Amino acid sequence: MMLRLAAFLVNLLAAASAPAQAPASPPKALKSGAPSLVVVISVDQFSADLFDEYRPHFTGGLARLANGTAFRNGYQAHAGTETCPGHSTILTGSHPTHTGIIANTWVDQSIARSDKTVYCSEDERVPGSSTTDYTVSAMHLRVRTLGDLLKQQSPQSLNVAVAGKDRAAVMMGGHTVDQRWYWSGKGFATDNKSAPVPATIARANASLASVIATARPPLESPPLCQGKATPYVLSPELTVGAGRFQRAGGDVRAFRASPEYDGAVLAVAAGLVQEMKLGADAAPDVLSIGLSATDYVGHGRGPGGEEMCLQLMSLDRDLAGFFQVLDAQGVDYAVVLTADHGGMDIPERLRAKGVSSAVRADPALGTADVGKMLAAKLGLTGPVLLGDLSSDIWIDRALKPEDRTRVEKEAVAYFKTHPQVEAVFTKRQIARMPLATSSPDKWSITDRVRASYDAERTGDIYVVLKKYVSPIVKPGIGYAATHGSVWDYDRRLPILFWRKGMRPNDRQDHISTVNILPTVASQLGLALPAKVDGRCLEGIEGVTCQVR
Ligand SMILES: [Zn+2]
């Protein structure tokens with residue numbers, strides 16, 4: 001399989017090359033000695049636990065990055081550890097309380113359409129759209145990204161984003177992109193309709209159609225991964241733990257939840273580097289890459305088995321191939337690799353490993369069911385409560401104000417007495433708290449919830465489940481394990497800085513993803529906006545923090 005993936009990459013690259021447009025005036029660096037291309041990679045659901053576990057076994061691209069300045073204690077500091085909020089912090093220097101991206105979806109009862117759930121990277125004003133059939137947009141992101149700042153201060157710079165998920169490409173690319181491509185379920189698509197379509201995209205989509213149409217034999221499993229192959233039967237239809245990504249021809253979902261998916265995104269990214277000549281002149285460019293397969297594998301199979309082992313070993317090799325392409329271009333590039341959140345394994349395997357408190361959530365915590373129970377108890381009609389199990393929960397605005405007050409009181413009391421619930425906050429309580437500025441490992445649960453607060457979007461009630469309680473009540477195909485909690489298995493992740501010639505520097509200090517933007521801005525000589533949450537990280541070779 002690896003050979004086939006590699007061949008796919010090579011074919012795509014051999015074909016991709018187009019003349020660059022001649023700039024009107026010679027492009028300039030913002031700072032002498034700065035890299036001409038910054039590549040920012042997010043590996044979706046790549047927890048620090050996974051990084052620590054597999055680091056000794058990496059020999060390819062991840063080994064290269066781990067030999068730069070490697071922080072093994074990075075954090076998505078906030079409570080709502082989902083994909084969209086996580087990606088919104090990586091290149092903005094801001095926590096979700098300032099990016100506005102509190103979750104993948106939130107309930108907005110003021111919008112015109114009947115579906116009141118808003119997806120983080122959609123424009124819900126488009127007629128006929130819904131949470132699942134949406135028009136991709138960056139309009140909900142309240143701050144600017146690295147690429148936005150770069151294009152403002154260095155108009156000849158290019159801002160390019162490629163990802164498996166639209167929300168990753170949107171939140172890392174931001175408001176002004178030259179190219180943005182993400183997997184649509186059928187091929188790579190864009191929301192940036194005014195830009196010319198690169199030849200790379202047409203070639204990638206044609207190649208991928210033929211790759212997906214062809215059945216795939218199981219991967220070869222090295223001894224390391226074989227050692228993790230213990231099956232867990234979660235339902236008559238679903239056994240996880242020992243799997244090697246065998247796939248029927250045409251099974252797009254299985255393609256997405258396999259190492260092939262990251263290979264495809266990296267091939268497109270490499271093709272765009274060549275075709276757009278990223279990093280070829282002095283004006284620095286930014287390429288953000290969202291690698292989503294680790295997340296789909298984590299959700300579908302849990303991060304603790306043979307499947308994740310094969311995924312990470314394959315990612316390590318595909319990243320090596322990607323960096324070789326950049327090396328061959330002769331580009332002086334810098335890389336930052338991190339994650340949007342971590343993840344919790346399936347409770348069944350955690351218990352087998354001795355985590356006796358790992359369980360699936362009580363179905364009686366489901367928001368719709370609690371709403372029904374409160375409606376009966378208080379003599380109310382309607383859903384009463386809106387939202388998913390735990391985290392943000394909204395009270396139905398159709399209720400009279402005095403009924404909303406009764407619902408809030410009863411709901412808080414119900415959740416607080418439930419043995420699987422750690423803490424419950426009302427929106428008013430969260431709003432009153434100050435935003436923490438201490439080291440993210442020192443943050444209280446309150447601090448974490450506060451960093452996810454948005455005055456318009458946050459729910460009326462916020463429910464925090466106890467550690468090792470998975471909100472997936474009943475595992476299904478593609479959805480056995482998840483993330484999204486306030487706990488460190490979901491918050492802690494690697495943050496790796498690499499540039500050619502850097503000496504290895506293992507850092508044990510605890511930092512946050514909001515530190516990435518100020519650090520890269522210093523590296524490039526880019527002025528920061530008046531207010532960001534993060535600060536430039538000291539002690540990274542080649543980076544001199546700006547005095548602000
Ligand atoms: Zn994610």
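The following legends describe close-up views of a predicted model.

**View 1. The zinc ion is held by four protein residues, Asp-44, Thr-83, Asp-340 and His-341.** The donor atoms are OD of Asp-44, OG1 of Thr-83, OD of Asp-340 and NE2 of His-341, and they lie 1.9 to 2.2 Å from the zinc ion. Along the chain these donors are spaced as D-x38-T-x256-D-H. The angles among the four donor atoms run from 92 to 138°. Four donors count as tetrahedral if all angles lie between 85 and 135 degrees, and the site of the zinc ion is irregular. For reference, the ideal angle for four tetrahedral donors is 109.5 degrees. Asp-340 has a relative accessible area of 0% and is therefore buried. His-341 is also at 0% relative accessibility, so it counts as buried.

**View 2. Strand β10 (residues 285-291) is covered on both faces.** Seven of the seven residues of β10 are buried. Asp-285, Leu-287, Ile-289 and Leu-291 lie on one side, and Val-286, Ser-288 and Gly-290 on the other. Strand β1 (residues 37-43) pairs with β10 in the parallel sense over seven bridges, and Leu-37 stands opposite Asp-285. Strand β5 (residues 159-163) is likewise parallel to β10, joined to it by five bridges. Ala-161 stands opposite Ser-288 of β10.

**View 3. An open, antiparallel sheet is formed by four strands in the order β13-β14-β16-β15.** At the edges are β13 (385-386) and β15 (421-426), each of which pairs on one side only. Strands β13 and β14 (residues 391-395) run antiparallel and are joined by two bridges. Within this pair, Leu-385 has Ile-395 of β14 as its bridge partner. Helix α16 (residues 401-417) lies across β13, β14, β15 and β16 (461-465). The direction of α16 is at about 160° to that of β15.

**View 4. Helices α11 (residues 259-275) and α13 (residues 306-329) pack side by side, with axes that come within 9 Å.** The two axes cross at roughly 10°, so α11 and α13 are roughly parallel to each other. On the α11 side, the contact is made by Pro-259, Asp-262, Gly-263, Leu-266, Ala-269, Ala-270, Val-273 and Gln-274. On the α13 side, the contacting residues are Leu-310, Gln-311, Ser-314, Leu-315, Asp-318, Leu-319, Phe-322, Val-325, Leu-326 and Gln-329.

**View 5. Helix α7 (residues 166-173) is mostly covered.** Eight of the eight residues of α7 are buried. These residues are Asp-166, Arg-167, Ala-168, Ala-169, Val-170, Met-171, Met-172 and Gly-173. Gly-174 follows the helix and has a positive phi, near 90°.

**View 6. A hairpin joins strand β8 to strand β9 through two residues.** Strand β8 spans residues 232-235 and β9 spans residues 238-240. The two strands run antiparallel and are joined by three bridges. Ser-235 has Leu-238 of β9 as its bridge partner.

**View 7. Gly-534 is placed in the segment after α20 (516-524).** The relative accessible area of Gly-534 is 8%, so this residue is buried. Apart from residues up to four places away in sequence, Gly-534 touches Gly-93, Val-514, Asn-515 and Pro-518. Gly-534 and Ser-512 are 22 residues apart in sequence, and their C-alpha atoms are 7.6 Å apart in space.

**View 8. Cys-545 also lies in the segment after α20.** With a relative accessible area of 15%, Cys-545 is under the 20% cut-off and is therefore buried. Cys-545 touches Ser-522, Cys-536, Leu-537 and Glu-538, again leaving out residues up to four places away in sequence. The C-alpha atoms of Cys-545 and Pro-518 are separated by 8.2 Å, while the two residues are 27 residues apart along the chain.

Definitions and conventions
Residues are numbered from 1 along each chain as its sequence is written. This is a predicted model: local features need pLDDT of at least 70, side-chain atom pairs count only at pLDDT 80 or more; totals for chains, interfaces and linings use all residues. Side-chain values use heavy atoms; hydrogens and water are left out. Donors are N, O and S atoms within 2.8 Å of the metal (3.2 Å for Na, K and Ca); water is not among the atoms, so sites may look incomplete. Four donors count as tetrahedral if all angles lie between 85 and 135 degrees; four count as square planar and six as octahedral if opposite donors are over 155 degrees apart and all others between 65 and 115; anything else is irregular. Buried means under 20% relative accessible area, exposed over 50%, partly exposed in between (1.4 Å probe, protein chains only). Two strands pair if DSSP finds at least two bridges between them. Contact means heavy atoms within 4.5 Å. Axes are lines fitted to C-alpha atoms, for helices over the stretch in contact, and angles run from 0 to 180 degrees between N-to-C directions. Angles under 35 degrees count as roughly parallel, over 145 as roughly antiparallel, 65 to 115 as roughly perpendicular and the rest as oblique.
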